[in-house]
Amino acid sequence: MKSIAYTVLAGAFSLISAFAADVGKPAPAFSGKNLKGEAVSLSDLKGKIVVLEWVNFDCPFVKKHYASGNIPKLQQEYTAKDVVWISINSSAAGKQGNYSAADMAARAEKDGNKASQFLLDPQGTIGKAYDAKTTPHLFIINKDGVLVYNGAIDSKKSTDAADIAVADKLFANALDAVIAGKEVTNAKNEPYGCGVKY
Amino acid sequence: MISRILLTSAAVCAVSHAAPVRSGKAAVELIAASTTYQAGKPVEVAVRMKVDREWHTYWSNPGEGGMKISVKWTLPAGWTASEPAFPVPKSFHTGGLAGYGYEGTVVFPITLMPPAESTGEVKPVANVSWLTCNDDACVPGKAELSLSFTPGPVAATGDEDAVRQAIASIPTAVDGLTLKVTEKDQLLELTVDAAATFDLAAAKVFPETEQAVAPAEKIVFTKDGEVWKATVKKNEYASGPLKKLTLVIAGAGAPAKVTWVAEKS
């Protein structure tokens, strides 16, 4: 009787923590499959700085950052600094941006995606655990597994690539601070983009 | 008979109206009240957008996600253009995100201002870009629109009523209508003081200021003595105490706008 109650309670607790993506708190645990079908878990990445990037290659805001090379360049720059960059697509079946693993791999290659991992999350499990709202929506998790950034890629809410050069680099500045062991300013801000098509 | 023929040929001669341009999930056109302008006097134009069924576009405060229309002008020397004005929106919930915007036809008035001296025949060009979304997808649109204007007294285009109606649909400040905002925890207490004839009971109220009110909040006012009160959740992205809030009030008379600005301490 007692052990059943304990299990139920433990289940309830993990459910609660799964829905809290608060800056300053432990980042919600997740596990997903990459495009090769291999399992990727956040728990395996302790000791690494992890970036989560919600992506939808057909969303005009994402296209702004990929066609310009902005996000691929950030992926390359920071994975070279030992950051684990995970691109995640949570588009539900039949909705914009949802692709099979093979098609997503082809599209990621074509659009220049240079992430360490690419997870398919068509059930929206990881998306909802983080309350990912838009594509793009960026999260940074520090080496201790604490969420230290939840917000926009930059400060210009537009689909115009010309705005990238003049925008405040909210995400990149935050990641630089995390890498340097400094405090992140503006750690939580409103992301812009298309809705994640759950 | 003859006058009708003359009228018809006059309508054909006036370069008042190009065909709408389709892009993405909408069609847009630039309309004007007159084919002419007078130096130093405002020229009223508008971007009329027809959004495909089952898609919507966005208000100046789009809510969560989304993006408002952008109009970038190439203007003749000395001319200026206002930002587009936004009619009263509707609320929608798309794929879990709360937004504000428009379905069907929406007309955004813009005021062009010629300089004090005539610049002859002119052709201002508007580069318009916008976003339409539904539950499944988001599709952008863009178009280059232009109209020609010649100096002279007002010459009707046939669109003057549409432009005038668009201007009338824009929320404006109302004498005697004031807003006060106080904060308590993560709640905003709104107090509207309105003329006795202003009935907010059935009004639809929208937050024009971005990142002030939590998305999806229904702003419902109830009478409290002489004033109207509402309590709403503050937006999680508001940084620090709220400094300004503009509300748009529809359905209580002509569309109204009221602004509160925090006192400087």
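Predicted model: local features only at pLDDT ≥ 70, side-chain atom pairs only at ≥ 80, totals over all residues.
What percentage of the 198 residues in chain A is made up of buried residues?

**View 1. Chain A as a whole, with its helices, strands and buried share.** Buried residues come to 41% of the 198 residues in chain A. The chain has 6 helices and 9 strands to look through. Take the contacts in chain A between residues at least 6 apart in sequence: 75% of them join residues at least 24 apart.

**View 2. A cis peptide bond in chain A, from Thr135(A) to Pro136(A).** Omega sits near 0° for this bond, and that makes for a cis peptide. Pro136(A) is in the loop between strand S6 (134-135) and strand S7 (137-141) of chain A. For background, most peptide bonds are trans.

**View 3. Asp82(A), a residue other than glycine with a positive phi.** Here phi is near 75°. The loop that holds Asp82(A) runs between helix H3 (70-79) and strand S4 (84-89) of chain A. Is Asp82(A) buried or exposed? Asp82(A) counts as exposed because it has 11 C-beta neighbours inside 10 Å, and the cut-off for exposed is 12 or fewer.

**View 4. Ala216(B), a positive phi in chain B.** Ala216(B) is not a glycine, yet its phi is positive, at about 70°. Look for Ala216(B) in the loop between S16 and strand S17 (222-224) of chain B. With 14 other C-beta atoms within 10 Å, Ala216(B) is partly exposed. As a reminder, most residues other than glycine have a negative phi.

**View 5. Phe206(B), a buried residue in chain B.** Phe206(B) belongs to strand S16 (residues 204-207) of chain B. Why does Phe206(B) count as buried? Because 22 C-beta neighbours fall inside 10 Å of Phe206(B), and 20 or more are needed to be called buried. Which residues is Phe206(B) in contact with, leaving aside its neighbours within four places in sequence? They are Pro89(B), Tyr100(B), Leu247(B) and Val248(B).

**View 6. Chain B against chain A.** How many residues does the contact take from each chain? It takes 15 residues from chain B and 16 residues from chain A. On the side of chain B that touches chain A, strand S11 (125-133) and strand S12 (138-146) of chain B each supply at least two residues. That side of chain B is made up of 8 nonpolar, 5 polar and 2 charged residues.

Methods: Residues numbered from 1 in each chain as written. Chains lettered and ligands numbered in written order. Contact = placed C-beta atoms within 7 Å. Helix = DSSP H or I, 4+ residues; strand = E, 2+ residues; numbered from the N terminus. Nonpolar A, V, L, I, M, F, W, Y, C, P; charged D, E, K, R; others polar.
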